[in-house]
Amino acid sequence: MSIEALNITKRFGQFVALDDVSLHVRSGELLALLGPSGSGKTTLLRVIAGLELPDEGDVRFDGESVRDRHVRKRGVGFVFQHYALFRHMTVLENVAFGLRVKPRHERPRRAEIHDRVGELLRLVHLDGLAGRYPHELSGGQRQRVALARALAVRPRVLLLDEPFGALDAKVRAELRDWLRRLHEEIQLTSVFVTHDQDEALEVADRVVVMNRGKIEQIGTPEEVFHSPASAFVMDFLGQSNRFHGRVPGNSARQESISYVRPHEFELLKPSQSTRSIDATGSGDQLESMGVTGEIRKIYSASALVRIELSAADGRLVHVQISQEEFQRLAPSVGQTWTARPRRIRVFAADYQI
Amino acid sequence: MIRIGLRERCVRVINRQHSVLPGFGISLGLTLMYLGLVVLIPLSALVVKALGMTFEDFWQKAIADPRVMASYRVSLSAALVAGLVNSVFGFILAWVLVRYQFPGKRLLDAIVDLPFALPTAVSGIALVGLYASSGWLGGWLEGLGLKVAFAWPGIVIALTMIGLPFVVRTMQPAIEQLESESEEAAAILGATRGQTFRRVILPILVPPLLTGFALAFARGLGEFGSVYFIAGNLPMKTEIAPLMILIKLEQYDYHGAAAIGLVMLVASFALLLLINLLQAWTRHRSST
C-alpha cells in the first residue's frame, strides 16, 4: 500500500517540527527517514501512524485520507525504539495482544491465535521462547518480539522508530541484514527512522534526508551519497573535509564551501616548488594544487587507512587510502605530503550545522 | 521500586568487600541498634508481659470476652472498608495528579498531605462537628435515616481520611513511571482505552496499589485519636481494639491490655505477611 503525506506542518508550541513536508512512499518499498535529532523524522513517522495529529496537511493510504482515522483503526504496525513491550506479559501474550483485543466477532479462535503467534515467532527466529518474559530476553530478541507483535495484526504498513538505536554495534548490523531479508520476504510497505547513515544507506530502497523540519533530498542510497543535493546532505552522509572560499567567477562576495570526501583524495609527494595553499584558498587552487601538510596520525588497522594531515593553517585534513596504496607509498608520521582532490563539490555557504 | 528484591539484597551483601562505599559495618550496626531500641525491644516487652500470664487467663481476657471480640470486629471491618475505599479513590486522585495539568493542581497535591500533618484528634473533632446530628452533613444524613457520628460509618469515615495519603503517595511514583509508549503500542495494536487500562496499565499498578492498601489498612487498625471522638465508644457496637487497651489500662489490668495488644500484633503481622506474599507474586509477574 502506498503512503502519501501532503503538506504536513506540525508545531509543538513555538517549535516547528515539520514545515510543509510532502512525501510519497511507494507500495512495497522500504524507505528510510534519515536526519539528526530534531530534524522532524520521528514526528513525521508518528503523524503517519496517527500518534500525532498534524496541524496542517493530510495523510493518505492508497489515496484515501486517514487523517481523521483513529490510530486504533489505521492498520499500521509500529516498532518503538525502546521496544515498548508489555513487561507483565510473556512473549506469547505480547505477540497475541493485538489479536486478543479485537472485537468479539473479529477475534480469531484461541487455536488460531496460537498458530499465528507460533508462525510469527518462527519468522523472527524466536520459536521456543514463547513463555519467556521480556526481561529474560536480550535487546535484539526484545526488538524482534516487538516486530512480531506489530506484524501479528497484519498491518497495511510497517513503521519503525529507530528500531536498532538501543542495540550494540554487532547486533545492530545483524538485525539490519535480517530486516532487509525479512522485507524482501513479506514485501510490506515500510518506513523506518534512523540517525545512522550506514543503516539508511545499506537497508533502504530510498532514503529521505531531513533537516530542521524539512526534506533536503529524496533518492536512492546511491543518489543521496554520490549526488548530494545540498551542503547539509553532503555533510551528513559520510565524513567530508570542508574548505571555505569564494565561488570562482562570482563577483559578489558570496561565500562558498568546497567539500572533499576523505577517499576522494590522492596522496602525492610534495612537488619541488612547495607552494602550499592555505585551507581558505579558492576551489580552483584546491583542485590544482591540493593541500600540503605534515602527517599527524595514521590509523591503519581497518579496511581503509585513515591519515590525518595538518595543513599550513593548522586545521586537520582527513584522507583515506587503500591498504595497497599505503604499502606502495609508505607514508609515515612527521613526513610532509600533498593531498590532491580527485573530486570537489561546491555549495553556497547558506547553512549552518 | 520501593522494595529491593531478595536476590539483589543478597548480591549486595556478598559483594560488600568490593564496595567503594565504606562503612558497611558501622552503618549496619547503627541500623540494627536503632531498630532494636525503637521497634523490637518495646514489642518484645509486650510479648513478655503477655506471656507472663497463664494461657487460661490470656484466653479469658483477649478472646473469650465478647466485648473485646466485638472491638476486634469493629476495628478490622472499619479498617478494611476504609482501606478499600481509599484504594479506589486514592488511585483516581493519584492518577489525576500525575496525568493532568490544571490550575490548583499543586494546592490539591498539598491537601493530600493534610491528614498526615494534622493531629488526629483535630481530625476527629472536625468530623464530629460535621457529622453529628447538629452538624452540616449529619442532620441531613440523619433525615435520610443514616446515622454517621457515634456509629460504625463514622469510624469508617475517620479511617478513610487518615489513610488517604498512604494510597496516593504510593501510587504517584508508580503512575509517573508508566511508559507512555506501552499505551501507544496498545492503541496501535487496536486496543480501546478500556482494554489498554485493564490489560496494560492496571497489571503494572497492582503491586503498588497493594502496598498502598496495606499501609492504609495497617494505619486504620492502629488509629485511635480521630476514632475516639467520632465513634461514641458504645460497648459491643463502636468500641475499637485500641480503645479496649486503654480501658484495661485505666482499670490497672496490665495483663489484659498486653493480651489484647499481642492479639493485634499477631494479626497485623499475619496481614502484612499475606500482603507481602501477594506482592511478591504479582511483582514476579511484572518485574523488569
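Predicted model: local features only at pLDDT ≥ 70, side-chain atom pairs only at ≥ 80, totals over all residues.
**Polar contacts across the interface**

I took a polar contact as a pair of N or O atoms within 3.5 Å, where within protein one must be able to donate a hydrogen and the other to accept it. With that rule I searched the interface of chain A and chain B and found three residue pairs in polar contact, both residues of each pair at pLDDT 80 or more.

**Confidence**

I looked up the scores next. The predictor gives the complex an ipTM of 0.80 and a pTM of 0.77. Chain A averages a pLDDT of 86, and 90% of its residues score at least 70. For chain B the average is 87, with 91% of the residues at 70 or above.

I then asked where pLDDT stays under 50 in chain A. I found residues 272-283. For that stretch the model has 18 contacts beyond four places in sequence. I keep this segment out of my reading of the interface.

**Interface of chain A and chain B**

I listed the residues in contact. Chain A gives 22 residues and chain B gives 20. I computed the area buried between the two chains at about 2300 Å². Carbon and sulfur atoms give 62% of this area.

I checked charge pairing across the interface. Side chains of opposite charge can pair when their charged atoms come close. The rule finds one salt bridge between chain A and chain B. I traced it to B:Glu184 and A:Arg46, whose side chains meet at 2.7 Å, N to O.

Strand 6 (76-79), helix 2 (91-100) and helix 4 (139-152) of chain A each supply at least two residues of the side that touches chain B. Helix 2 of chain A has the largest share, three residues. By class, I count 13 nonpolar, four polar and five charged residues on this side of chain A.

**Salt bridges in the whole structure**

I widened the search to the whole structure. It finds 31 salt bridges over all chains. I picked one inside chain A: the side chains of A:Arg116 and A:Glu119 meet at 3.2 Å, N to O. How many residues apart are A:Arg116 and A:Glu119 in helix 3 of chain A? They are three apart in helix 3 (residues 110-123), so about one helical turn separates them.

**Fold of chain B**

I read chain B along its sequence. It has 14 helices and zero strands. I boxed the C-alpha atoms along the principal axes, and they fill roughly 65 × 60 × 30 Å.

**Domains of chain B**

I noted two domains in chain B: domain 1 (19-50) and domain 2 (54-287). Their C-alpha centres lie 28 Å apart. Five residues of domain 1 of chain B are in contact with seven residues of domain 2 of chain B. The two domains bury about 540 Å² between them, 86% of it on carbon and sulfur atoms.

I found zero salt bridges between domain 1 and domain 2 of chain B. I also found zero residue pairs in polar contact, with both residues at pLDDT 80 or more. By class, the side of domain 1 of chain B that touches domain 2 has four nonpolar, no polar and one charged residues.

How values were computed: Residues numbered from 1 in each chain as written. Chains lettered and ligands numbered in written order. Heavy atoms only, no water. Domains from an automatic or database assignment. Contact = heavy atoms within 4.5 Å. Buried area = accessible area lost by both parts, 1.4 Å probe. Salt bridge = Lys/Arg side-chain N within 4 Å of Asp/Glu carboxyl O. Polar contact = N/O pair within 3.5 Å; in protein donor to acceptor, adjacent residues only side chain to side chain. Nonpolar A, V, L, I, M, F, W, Y, C, P; charged D, E, K, R; others polar. pLDDT = per-residue confidence, 0-100. Helix = DSSP H or I, 4+ residues; strand = E, 2+ residues; numbered from the N terminus.
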